[in-house]
Amino acid sequence: MEVQWWADFLSAVLRAATPLVFCALGVLVCGRAGILNIGVEGSMLVGALAAVLAAVYSGDPWMGVVGALGVGLAAGLVLTLLTVYLPTDQVVTGIAFNLVCLGVTSFIYKLLVLGGVQLMAPALRAAQDAEGAVSLAGLAAAVTPLTWIALFLVAVSWVFLFRTGPGLLWRSVGESAWASHAAGLNVFRVRTVAVVVGSLLSALGGAALTLGWVPTFTDNMTMGRGFIALAAVYFGRWHPGLALAACLLFGAGEALAFRAQALGTGLNPYYYLMLPYVVTLMAVAAMGRSVEPRDTGKPYARR
Amino acid sequence: MQADSAVAVSMRGICKSFGTVQALDGVDMDISAGEIRALVGENGAGKTTLMTILYGMYRPDAGRMTVWGRRTGRDWSPRQAIKARIGMLHQHFSLIPNHTVLENVLMPQLGWTHMRPRWHHHRAVLEGLCREYGFSFPLEARVESLSVGQQQQVEILKLLYQGARLLILDEPTAVLTPQQTERLLELLLRLRDQGHSVVLITHKLNEAFAVADSITVLRKGRHVATVPRKDSDPREIAFMMVDREWSATPDWELEAPEPGPLLEVKDLVVGDEHQRPAVDRVSLVVRARELVGVAGVAGNGQTELAEALVGIRRTRGGRIVIAGQDATSWTITRRLRAGLRFIPEDRHRHGMVGELSLAENLVIDRCDSPPFSVRGVLRRPVIRQAAAEAVERYGIQAPSPETPMMNLSGGNQQRAVLARALAGSPRVIVAHQPTRGLDFAATEYVRAQLVRCAAQGVGVLVFSSELEELMLLCHRILVMYRGRFIGELSRDEFDAGTIGLLMTGQVPDGGRRDGQGTRNLGQPA
């Protein structure tokens, strides 16, 4: 039982962490250019719904991913207009955006249910079941391709941000928009790209939640995972590698919740469902003050 | 002027307004290649705005510019300015504190296609430049960890490395010691001799006259005159700046202080943001009728000491005694009631609430007690009355007491901060950079008020990075270096050279540098 239990557990951790990793990257990449992506939760939610719808109607889960990316692009452009060009307060705008997304997805979902649409999407399949995940190769085969894409993107964003010239410019915009402008950068263009990339990643997180895990959609199914990703970024000190570790930790909380529930200790199951959130809260509290890029959250206006 | 008189930059009819404030009103300016031009004027004269427009960060409302013979387009931006070899050293720097020197210097030249910058190549070239100009800082150091003087050198290195031929320096000497200032001015002359053009924005006329080839005066957003330095003198320029005669010599006499201490600080330790001791076992005494100055390069613990004295910052050790009572654990309010007043360094962030009215700002520290409020309800007429009196007494120019504080000019804001600090019955005033960024008139006024206060029996502790100010005002000057008092001079010993050396941590006569010797400094002999 021991080895098999761990194999099951680890693949469950990776499955639960994948959406978080995408969303955390969405927050991190965007925040490194100075825009606090509070809208991650909303983008994730619309991405999840779009993924399910596109997959259901096309019959191909990869079309679902494409659908999520399309919606993510649209969400990104809306957020860009609001937070970069107007510019409005990023926190307030983000919260409003999340509420709008919640309302819109909820509305569409109810229409679909009333219309009798079966929201069972073809899921992205792992190469093999968790039973075989007793070796590393087995574990690798037991998760969906989205997990691998997520891990790959962590590496890519780390290299980009900390090892390349454009990455330095990108971080400069997040540290001081004014100084970057003085150095000849077009702050608005960089931030536009950043917000769009952030929203695309968040929407991918939504797709990973539905297509890679529970291949259906329910009302408010992200349940604050976007915010958990946000916490992971702070906990991970705005560093892709550490943020990944934080996502795995929170994913473990979630996986543990299901395991513990299944064991049936007689405790009210809601206590277990609280687990990931409690883990998040405690981790962030233990972390103390984080070191976010200095200009993150501050609107920049040219005079 | 140098032999080369080709026009580098020509600006015509530049206008710019921020909201309802007309910052620039049809300004013309020409800058020749290879000259040092001083751009002088009072606060709010539009010096910085004009140069920020030239650098492409602000868009002018009207006017046209020619740079090296080419008209600038609507899309004139810092990027284009850098390409046209114009560089600007901003007053508060445009460095990214979290990044290294190398990253900061390289940043303006990196393109979005430079995936792998040739760090080693750049480092080698930069090390050569540093040697050439005598800059000493490791290129791998984070800018944050450098002193202000070094940060300025990083900025200059950045400008030179991006190939700037026209360097705009905005108030570069405000943060430097006299020696550093001298070095900077020498560097400017050297750059001029190498063919660079320099625009030196300043309100210190002695600096303008030390290096400039010609001087441009702005007043209230208009161009007053451009004169060759040889044909003018500081008095004439000062007159053009303020449109009235200006007396450089103060008309006050310092009175002898009373013997007993009013404010006494013993072995005070204050931590900075990272819990390192920013103020390290500092002791000082301020007596009634006494003005004590604290000199030092910014960032040597002055801010922490001032904030600890008024109770904004927590202390980690030592005692603060106000008029014989141990005030170490007192709240800010209690210290305020005991007569301790504060003129903060950063007026906009800590001295006022910009959105509130002038009247509200004037009573904000006392508005919760009679006569300004009764049982928690503000009494507007009383507040208005008090405000009107303060406006009258301190000569604050404002459309009405209801005007939002942020709409006042810097000088009037500081008058209001001063009026609030002096209201009631102050006993000790901690004035941190009380004249920073103020023009002649306001500076003189603030200084005179501090001296007047002291004459009435108040103890005044002045923190300033301007030596002249301290030498003018104070009975004694303490020099702060790395969180300690490294030297003390009484009025008959004042000497800018000695104090300047002390500010950089060098003790002229030797001996008193170690902890043993400094422990007793700050107390009257």
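Two residues are in contact here if their C-beta atoms, placed from the backbone, lie within 7 Å. The legends below all show a predicted model.

View 1. Of the 303 residues in chain A, 52% are buried. If you look at contacts with a separation of 6 or more, 78% come from residues 24 or more positions apart.

**View 2. Helix α10 of chain A under its cover.** Zoom in on residues 225-235 of chain A and you have helix α10, which is mostly covered, with 10 of its 11 residues buried. Among the buried ones are R225(A), G226(A), I228(A), L230(A), Y234(A) and F235(A). The cover over the buried residues of α10(A) includes α1 (2-31) and α2 (40-58) of chain A. It also includes α9 (187-210), α11 (240-263) and α12 (269-287) of chain A. After α10(A) comes R237(A), which has a positive phi, near 50 degrees.

**View 3. The open sheet of chain B.** This sheet has 4 strands in the order β2-β1-β4-β5 (chain B), and the pairing is antiparallel. At the edges stand β2 (21-32) and β5 (70-71) of chain B, each with a single partner strand, so one side of each is left without a neighbour in the sheet. Further in, strand β1 (residues 7-18) of chain B is joined by 5 bridges to strand β4 (residues 62-67) of chain B, and the two run antiparallel. To pick out one bridge, find C15(B): its partner in β4(B) is A62(B). Packing on the sheet is helix α1 (residues 47-54) of chain B, which touches β1, β2 and β4 of chain B. The direction of helix α1 of chain B makes about 120 degrees with that of β1(B).

**View 4. Where chain B touches chain A.** Here 22 residues of chain B are in contact with 16 residues of chain A. On the chain B side, helix α2 (residues 78-83) of chain B gives the most, with 3 residues. Sort that side of chain B by class and you get 14 nonpolar, 5 polar and 3 charged residues.

**View 5. The domains of chain B.** Chain B is divided into domain 1 (7-242), domain 2 (247-339 + 425-525) and domain 3 (354-423). Note that domain 2 is written as two stretches, 247-339 and 425-525. Taken over C-alpha atoms, the centres of domain 1 of chain B and domain 3 of chain B are separated by 38 Å.

View 6. You'll find L467(B) in helix α16 (residues 467-473) of chain B. L467(B) has 21 other C-beta atoms within 10 Å, and since 20 or more counts as buried, L467(B) is buried. Leaving aside neighbours within four places in sequence, L467(B) is in contact with P178(B), A295(B), A496(B), I499(B) and G500(B). For a sense of scale, V217(B) sits 250 residues from L467(B) in sequence and 25 Å from L467(B) in space, C-alpha to C-alpha.

Conventions: Residues are numbered from 1 along each chain as its sequence is written. Chains are lettered from A and ligands numbered from 1 in the order in which they are written. This is a predicted model: local features need pLDDT of at least 70, side-chain atom pairs count only at pLDDT 80 or more; totals for chains, interfaces and linings use all residues. Domain bounds come from an automatic or database domain assignment. A residue is buried if 20 or more other C-beta atoms lie within 10 Å of its own, exposed if 12 or fewer, and partly exposed in between; C-beta atoms are placed from the backbone. Two strands pair if DSSP finds at least two bridges between them. Axes are lines fitted to C-alpha atoms, for helices over the stretch in contact, and angles run from 0 to 180 degrees between N-to-C directions. Ala, Val, Leu, Ile, Met, Phe, Trp, Tyr, Cys and Pro count as nonpolar, Asp, Glu, Lys and Arg as charged, and the others, Gly among them, as polar.
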